[in-house]
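Below is a briefing on one protein model, grouped by topic. Please read it alongside the sequence and the coordinates.

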Amino acid sequence: MGEEKHGPTKASCSRWQGVRANLPHLLNAYCGHDLRSFQSFDGFMTLMYRPTDAAALGVARILFGLMMLIDIPEERGGGDLDFRWGDPSGCKFPLITGMEPMSYPRMGIVYLVMWLGALGVMLGYRFRLSGLMFVISYWYVFLLDKSAWNNHSYLYGLLGTIFMFTDAQKCFSLDACRNNDPQSKTVPFWNYFILKYQFFILYFLAGLKKMCPEWLSGYAMTNLSYHWVFLPFRLLMGPELTDLLIIHWFGCIFDTSVVFFLVYAPTRKIATLFACAFHLMNSRLFHIGMFPWVCLTQLPLYYSVSWPRLVWKKLSIKSRDSDAPVPKKVPNHVKQQTVSALSCRRRLAMTVMLSYCGLQLFLPYSHIITKGYNNWTNGLYGYSWDMMVHAWDTVPTSIKVVDNHQNHSLYLLPYAFVDNDRWTKHADMAYQFAHCIDRNIRAEYQEDRRPITNFSIYFDIWCSMNGRFLQRIFNPEVDILAARWSPFKPVDWLLPLLNEFTEMRSMIDKTTQEVHSWSNTSDVLFVADFPRLTLDNYIVPDMDNVTLTILEGSVEYRHANDTRTNHLSKGQSLSNIPPMFHHVTTTSASPSSMLYTYVNKSMKAGPTDDELAERRQSKPILPLWKEFNNRFDNYVRFLQHVGNSLLYEIYGVPMPRRVRISPSETTWTTE
């Protein structure tokens, strides 16, 4: 027997050396250009200005414009212009201090300009002007109200701005019909690069934001597995593992990796299938408007830039576009241009583009500068791509207004002057809301001819983030009107998140399941509070067998009509709390945590016959026809609002608008 040899053979070494020698050529062939072009800025600029077929970009422009035409009457609030901009006492939360919305009729004109701009972008008619109309009006509406922000709202503004600077009108547009030059069917490669880069930022940074204990522990999107879209996974692995593995872990892996799989040709098709399934599921799970559809319409950008022509040819439809030659090399007259005004403009354009790319990488982490927008989460929500990472639950909310002259107090409803509760989680919006309340009260005093004095406003907001204890987010003893707020300084009246109780979330889950197993009407509430602060809690008559148990710290308990106090420490309970106000003051040096268990007697009554009949009716899994009707009605209202705005501005015709009496009732008035 021959001696056994260890280590690589000469043949394997020679094969490896051959692969190493050919690796640069293989990479160059895969990338479609010489990688040495990246060694200088001029080489990079030459690559970015390489003529590329404009067909795929034209289709992306059409679909984006179409999505915006649908979005404007919906998430931009066009169908509810009267609710959103018609109430002069309604509070808005602009990003720029002092920025005020126009009058209700003129806001209708702004929305008309936005709609016409989106239509022009879709049709490719006077593309630059249409893009400018859409972008200016969109960003104006966007900056007027932070409480309506979402990450995808920010994305639409960015995409509209990017499209405006591209040559996306060179194919499949009305502008292109007037230009039959084959050379005009190409665009610089950077038109594709910047769009794909923007979606890379969207996905990849969303994945990075999910790489945190909050998401990977499964506390952000709890009980989402019970939706019908997860039925196959729920049957296979149960609801808990579906929530953890499919929703949280796979969601993080998908966001961080999907663009890399889309760029790599061998995995592009399977990545497209996953991306389509992901966005279609999101369209059923959440009320996020056109966001899933915008992402779906831009997926073809990762395929051949000439794919529309290839599809056209396969359908055996001939057109001048399908036969239009697409140059592969830089034209000679461009090669002959050396140092000219054109090259200077290109250098400037590439510098601006690279600066934009760097800015998009920095902004999601700019909370190190904009400290005034930080709360329990870092950054101003809406551009940080931390989508679905934090789930909030706001329960007791108190708005106390004190007339310091008459020493008189009144309490406002939490939704007075606003139509959402976004302000309860953000100190900058709470500061703006307090000053808006002050303006409205002073206007009411002036209308009633009452003497106007100085007021103080106190917020007692209780929030729970990602399954934690319910706790205060703002200091209830601080007058918000007299407090200071700066975009660049930490908010001193913002109370910290009680992270010392974070590890007790598993106990919260276990105790909740145990209490719910007692009966169909038993429930539990977990509360944490800071030293020396007092919880004022009201027990409604429908609650029975209310028990307070102290988990950590010590408290002092007393009834509203009783001067006697009960001292409770860790592990002690107080049962049969009567239906009235009671006060719980934390006396320990460290924060306290407690739980209420109770029986809700209002839930004992069985369902009515009508409710039983409604439950027996099968609800459609895909209510597409209902959604279409709702969108159609919304569009009709939008056109009516815009038409009324034009009639008012031109002829002075009074504008009818709805007035919300209650969350379910409206009435009409005129201006």
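A charge sits over a ring if NZ of Lys or CZ of Arg is within 6 Å of the ring centre and within 35 degrees of the ring normal. By that rule the charged end of Arg658 sits over the ring of Phe83, 4.2 Å from its centre. The model is predicted: local features need pLDDT of at least 70, side-chain atom pairs count only at pLDDT 80 or more, and totals for chains, interfaces and linings use all residues. Residues are numbered from 1 along each chain as its sequence is written, and side-chain values use heavy atoms, with hydrogens and water left out.

**Confidence and overall content**

- The average pLDDT (the predictor's confidence in each residue, from 0 to 100) is 86 for the protein, and 86% of the residues score at least 70.
- Residues 1–13 have a pLDDT below 50, and beyond near neighbours in sequence this stretch has one contact (heavy atoms within 4.5 Å) in the model.
- Residues 319–330 also stay under 50 in pLDDT, but the model has 21 contacts for them beyond four places in sequence.
- The protein has 20 helices and 16 strands; these are DSSP runs, numbered from the N terminus, with helices being H or I of at least four residues and strands E of at least two.
- Of its 671 residues, 47% count as buried; buried means under 20% relative accessible area, exposed over 50%, and partly exposed in between, with a 1.4 Å probe and protein chains only.
- Among contacts with a separation of 6 or more, 72% join residues 24 or more positions apart.

**Strand E14**

- Strand E14 covers residues 592–600, and nine of its nine residues are buried.
- In a regular strand the side chains alternate between the two faces of the sheet.
- One side of E14 carries Ser592, Met594, Tyr596, Tyr598 and Asn600, the other Ser593, Leu595, Thr597 and Val599, and all are buried.
- E14 pairs with strand E7 (residues 522–529) in the antiparallel sense over eight bridges, where pairing requires that DSSP finds at least two bridges between the strands.
- Asp529 stands opposite Ser592 in E14.
- Strand E9 (residues 543–552) also pairs with E14 in the antiparallel sense, over seven bridges, and Leu548 stands opposite Tyr596.

**Aromatic rings**

- The structure holds 31 aromatic pairs; rings of Phe, Tyr and Trp (its six-membered ring) pair if their centres lie within 6.5 Å, and planes under 30 degrees apart count as stacked, over 60 as edge-to-face and the rest as tilted.
- Tyr138 and Trp139 form an edge-to-face pair because their ring centres are 6.3 Å apart and their planes stand at 90 degrees.
- Both Tyr138 and Trp139 are buried.
- Phe200 and Phe204 are stacked, at 5.1 Å centre to centre with 10 degrees between the planes.
- Phe200 and Phe204 are four residues apart in helix H9 (residues 190–210), so about one helical turn separates them.
- Phe204 counts as partly exposed because its relative accessibility is 23%.
- One aromatic cluster is formed by Phe64, Phe134, Tyr138, Trp139, Phe142, Trp149, Tyr154, Phe163 and Trp385.

**Arginines**

- Arg50 lies over the face of Phe189, at 4.9 Å from the ring centre.
- Arg442 lies in helix H17 (residues 427–447) and, at 28% relative accessibility, counts as partly exposed.
- Leaving aside neighbours within four places in sequence, Arg442 is in contact with Ile452, Thr453, Asn454 and Phe455.
- Arg442 and Phe455 are 13 residues apart in sequence and 9.2 Å apart in space, C-alpha to C-alpha.
- The side chain of Arg442 reaches the backbone oxygen of Thr453 at 3.2 Å.

Technical notes
Polar contact = N/O pair within 3.5 Å; in protein donor to acceptor, adjacent residues only side chain to side chain.
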